Amino acid sequence: AILVLSLFSLTLAPAPQGHDGHGAVASTSVGPARRAFDRFRSLAGEWSATSTKGWTERLSYRTIAAGSTVIEMSDGAHPDEIMATMFHMDGERLLLTHYCVAGNQPRLEATGFADDGRTVTFTFVDGTNMQSRDTGHMDTVVFKFLDDGRLVSQWTWYQQGTSRWMEEVTATRVTKR
């Protein structure tokens, strides 16, 4: 009777969800941060961008490191300078690190998801090459995925306890990778 009960219990057990390669059970549901990261991965290609202040830049998006990171290269936002922003997952968190012409590297976490994940807000976590939080740095950014070929971003600059929104930048896809 015990053997029959044990076999019956096994047939009622839920099906395995899979493993993450480290012995832990992997989730079958995808959270908002993972969905947002997939949106950033879909940006792969070349983009042309214009700010509401009138300047233009070229953006390039690529996935690197076996698809675990998205790199955005920005050329033209500042004369003779290239900046980079890296997006990657850290468990269930979506992070970005911005390599800025200010000479520091603020790290931000995706903290807000709206419009069915088409709007993603990142907020400051920490940074390198900053004496304190009051050192001038990019502090918040909102990305709006308008459609497969258009993306809007807007950053804030934070310094000495004051934050100010900068201009909006609208990017349009030129080529897809």
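Leaving aside residues up to four places away in sequence, Phe87 is in contact (heavy atoms within 4.5 Å) with Phe37, Phe40, Ser68, Thr69, Val70, Glu72, Leu95, Leu96, Phe122 and Phe143. This is a predicted model, in which local features need pLDDT of at least 70 and side-chain atom pairs count only at pLDDT 80 or more, while totals for chains, interfaces and linings use all residues. Residues are numbered from 1 along each chain as its sequence is written, and side-chain values use heavy atoms, with hydrogens and water left out.

Now for the helix side of things. The chain has 2 helices and 10 strands (DSSP runs numbered from the N terminus: H or I of at least four residues for helices, E of at least two for strands). Helix 2, residues 32–41, has Ala33, Ala36, Phe37 and Phe40 buried, meaning under 20% relative accessible area with a 1.4 Å probe, protein chains only. Viewed down the helix axis, these buried residues fall within an arc of 100° (taken from the directions from the axis to the C-beta atoms), so they line one face of helix 2. Their cover includes strands 3 to 8.

Overall, buried residues make up 36% of the 177 residues in the chain.

Definitions and conventions: Buried means under 20% relative accessible area, exposed over 50%, partly exposed in between (1.4 Å probe, protein chains only).
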